[in-house]
Amino acid sequence: MAIFIVSLDLRPPITSIGPLMTQIQHALHMNSLTASLLTAIPVFCMGIFAPLTGTLGDKMGIDRAIFACMVLIGLSTLLRFFVHASALLLVSAFLAGVGIAVIGPLLSGFIKEHFAERAAAIIGIYSVGIGVGATVSAGLSIPLGSALHSWQASLGTWTVLAALGLAVWVPVLVADRGFRDEEQAKGRLPWNVGRAWLLLIAFGLQSGIYYSVTTWLAPQAEQTGYSAAGAGVVLTTFSVIQMFSSLVIPMLVHRSNKRTPWLMACAVFSVIGLALCAMPLGMTGPWIADVFLGIGLGGLFPILLILPLDEASTGDEASRWTAMMQCGGYIMSGVVPMLAGAIEDATGSYHQSFWLLVALAAALFACSYFLKPQRQASH
């Protein structure tokens, strides 16, 4: 339960932006490229600061490090109540990104340490928590903005989730002090392992596509002819489908004991969904795309989180494999929403932006073929 509630905090600072993007751009006079920094900065931070996982975990212990990062996420959303200039909003995005960067790998290590035999299922719960947080924040951003008469208050409301996460993590701090281990504390990120680089590339492609979709799917729907509220529903529908997929697919993966076919299938679904967004299909296009994108991206994320755990024999090792994967992967993926925004600025249409994402999803499909897991018995 604690893992689930903490994972709720890991996407609202990013996904609450998308439905309000047009209002934010008008209010703060931001073009599409600058506005894309609101999602690109947290994603870059999630890459750049992921290597701090090992240092903070060793010095503070995994439980205290997670608690401290949730405090940082809470402060980042609290700041948004007071935003009247783009600089402060960008600062809040930076703070959220740092907090999320460190929590992610630590939670993977926590799962490996405490739920090694059920890691795939617990990763599913972790992914669903992320999905629920993303879905709720995307779906309620417009209604909250209308009810509170302020997009700033809508963005700031998600401080409540951070406070809830802090509350449920306190018993973990009290009950679990055994994660740090002197033998584990000497580990390093596996920069010299080729397979770790392959995971990094795959994760970067998946994340770049995901954050581009959460940033530009609603504006693309508005460009197609939807109202702001209707475009928000399109993004929410994608998030709901993704949420269910991120729970069901890891369980199916665990039962089949095979990763690669599921990974490749999810990549194919993502290609189809992105192609539907790229083609001028009118008002029905976004709804059909929602189904394919929700299943494809909903499956890719948890499967890619499971793969580093397959490589690890301890919780600390799992944290470090995940930290490397997310470090380079998020740095790669932070560029993609910016490129998509720049393409829209240049062409005046999101169709070409989504063709870029189709190409990246095709590259992910090719990469997936080589990600056949090495079984735990090899350790």
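Is Cys266 buried or exposed? Cys266 is buried, with a relative accessible area of 4%. Here, buried means under 20% relative accessible area, exposed means over 50%, and partly exposed lies in between, for a 1.4 Å probe and protein chains only.

The model is predicted, so local features need pLDDT of at least 70 and side-chain atom pairs count only at pLDDT 80 or more, while totals for chains, interfaces and linings use all residues. Residues are numbered from 1 along each chain as its sequence is written, and side-chain values use heavy atoms, with hydrogens and water left out.

The cysteines come next. A search of the whole structure finds 0 disulfides. Cys45 is in no disulfide, and the nearest cysteine sulfur, that of Cys327, is 12 Å away. A disulfide is a pair of cysteine sulfur atoms within 2.5 Å. Cys45 is buried, at a relative accessible area of 4%. For Cys266, the closest cysteine sulfur belongs to Cys367. The two sulfurs are 14 Å apart, which is too far for a bond.

Helix 8 covers residues 119-148. Helices (H or I, at least four residues) and strands (E, at least two) are DSSP runs, numbered from the N terminus. The expected span of a helix is 1.5 Å times one less than its number of residues. Helix 8 has 30 residues and should therefore span 44 Å. Its end C-alpha atoms are 41 Å apart, which agrees. Helix 8 also bends by about 45° at Ser141. Such a bend is the angle between axes fitted to the seven residues ending there and the seven starting there.

Just after helix 8, His149 takes a positive phi of about 60°. His149 is not a glycine. Most residues other than glycine have a negative phi. His149 sits in the loop between helix 8 and helix 9 (151-156). This histidine is exposed, with a relative accessible area of 73%.

His29 lies in the loop between helix 3 (21-28) and helix 4 (32-48). His29 is exposed, with a relative accessible area of 73%.

Thr322 belongs to helix 15, residues 315-347. Its relative accessibility is 0%, so Thr322 counts as buried. Leaving aside residues up to four places away in sequence, Thr322 touches Pro105, Ser108, Pro308 and Leu309. Contact means heavy atoms within 4.5 Å.
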